[in-house]
Amino acid sequence: MAGTANGGAKAGCCGAAKGPGYATPLEAMEKGPREGLLYVTCVYNGTGIDKPDYLATVDVDPNSATYSQVIHRLPATHIGDELHHSGWNACSSCHGDASTSRRFLILPSLLSGRVYVVDTAKDPRAPALHKVVQAEDIAEKTGLGFPHTSHCLASGDIMISCLGDKEGNAAGNGFLLLDSEFNVKGRWEKPGHSPLFGYDFWYQPRHKTMISSSWGAPAAFRTGFDLQHVQDGLYGRHLHVYDWPGGELKQTLDLGSTGLLPLEVRFLHDPSKDTGYVGCALTSNMVRFFKTADGSWSHEVAISIEPLKVRNWILPEMPGLITDFVISLDDRYLYLVNWLHGDIRQYNIEDPAKPVLAGQVWVGGLLQKGSDVVYVTEDDTEQQYAVPQVKGHRLRGGPQMIQLSLDGKRVYVTNSLFSRWDEQFYGPDLLKKGSHMLQIDVDTEKGGLTVNPNFFVDFGTEPEGPSLAHEMRYPGGDCTSDIWI
């Protein structure tokens, strides 16, 4: 990886030896194998089922007898974790270090504060629990709680963004460091360099920069979304620019009223590029950030999803609510989801400043036909979107987390955001019937998205009861976990 907590570089990371992942993003795209398995975080917390959350292994090999099925479930050790995002102990950034391997999947628990470490190497189809880092240990040594995004470092350390202190105050957020044996080392950022809010982060070593985003105070979002909390300043609207790997907060970008609730943040995969995007959920804008001539960073709205005038909903207008996006490994296409409207969009970003809509497909949402909610056109006509059934199933919820195949030809999508918000926006029906996973086929030549009619993973029929499926990872790395140097 790019550097250690103290700013050093690991010897051997740029040598000829072959470590995990691929030498370049294009090599991953052109030579990487087709995915055969997906690891999916699945949640029982908040559903009324008194069981631990778990990691599901899904068979996505179309030639397999168990295609489109959950073939293994690894339960957490406790109830109430809210498994959410995940990361690896090593990725393509250490491709030059033969002493490292992508073996352990890191599972931070958003609400309990535990971090689970899962061994995927012994049996990739049936991963096993390796270690649990307890929340009390993290809080005692760092003061941090509510862990979210995990990335690996060249030193062998693991860096995890934390959204607050153990009480849920946003002012206590920062970045947790675990060593290669997954022991708590401390915090990554320098003392006094913690902004008010945290969430996701991504780094671009050639530009000596890490950028993090800002969801909100855990004490606010864990109880459900309240628009008043936005007005009260309990949610973020900033990007934080850090020196990498030094940990100094160099600049804060105020995204203003066009950038409320900035969530997932990604640089372009090409490590020479000094631009990336952040999806701002509440205002439904994709904001592009970029380096300026003087070396500072700036931002602009690159994609704007207009809110829709609606009836029979809690507000007169409904935002799309961009909750996730992914960039293809050749940096040609960007895919985003509108969790409330219910569509997935494909944009050509060959000119990063001027994305062009290339494909769109409707796979759920509050505005699908059969829903009580309608949107109103300019001529006051009430409309709803046609959403296909897949293998006889009406699609529940809206598209939430997405993952793209290495070759860029398949998008996988799940429909749970956060259990309390799932219930608030989609009602008890989503919790009672559970999540599903879809596959969207991609036209990478002309652009275009199509629902694959043969793929449907129903988490509503799980042995312990319906569960909520969230983030997805491939055993060999993917478009949202691998960083190149």
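**Exercise 1. Work out how the radius of gyration of the protein compares with that of a compact globule.**

Step 1: The radius of gyration is taken over C-alpha atoms, and the globule rule is 2.2 Å times the number of residues to the power 0.38.
Step 2: For 485 residues, a compact globule would have a value near 23 Å.
Step 3: The protein has 21 Å, which agrees.
Step 4: Along the principal axes, the C-alpha atoms fill a box of roughly 65 × 50 × 45 Å.

A word on the model: it is predicted, so local features need pLDDT of at least 70 and side-chain atom pairs count only at pLDDT 80 or more, while totals for chains, interfaces and linings use all residues. Residues are numbered from 1 along each chain as its sequence is written, and side-chain values use heavy atoms, leaving out hydrogens and water.

**Exercise 2. Find how many helices and strands the protein has, and what share of its residues is buried.**

Step 1: Helices (H or I, at least four residues) and strands (E, at least two) are DSSP runs, numbered from the N terminus.
Step 2: The protein has five helices and 32 strands.
Step 3: Buried means under 20% relative accessible area, exposed over 50%, and partly exposed in between (1.4 Å probe, protein chains only).
Step 4: Buried residues make up 63% of the 485.

**Exercise 3. Describe the largest nonpolar core.**

Step 1: A nonpolar core is a set of buried Ala, Val, Leu, Ile, Met, Phe, Trp, Tyr and Cys residues joined through side-chain atoms within 4.5 Å.
Step 2: The largest one has 67 residues, and Trp215, Leu261 and Trp421 are among those with the most contacts inside it.
Step 3: Helix H5 (residues 419–433) gives the largest share of this core, five residues.
Step 4: Another core, of 24 residues, lies apart from it and includes Trp202 and Val265.
Step 5: Now look at Leu261, taking contact as heavy atoms within 4.5 Å. Not counting residues up to four places away in sequence, Leu261 touches Trp215, Tyr235 and Trp421, among others.

**Exercise 4. Decide whether glycine 192 and threonine 414 are buried or exposed.**

Step 1: Glycine 192 sits in the loop between strand E11 (184–187) and strand E12 (201–204).
Step 2: Its relative accessible area is 81%, so glycine 192 is exposed.
Step 3: Threonine 414 belongs to strand E29 (residues 410–414).
Step 4: Threonine 414 counts as buried because its relative accessibility is 1%.
Step 5: Leaving aside neighbours within four places in sequence, the contacts of threonine 414 include Val40, Met401, His436 and Met472.
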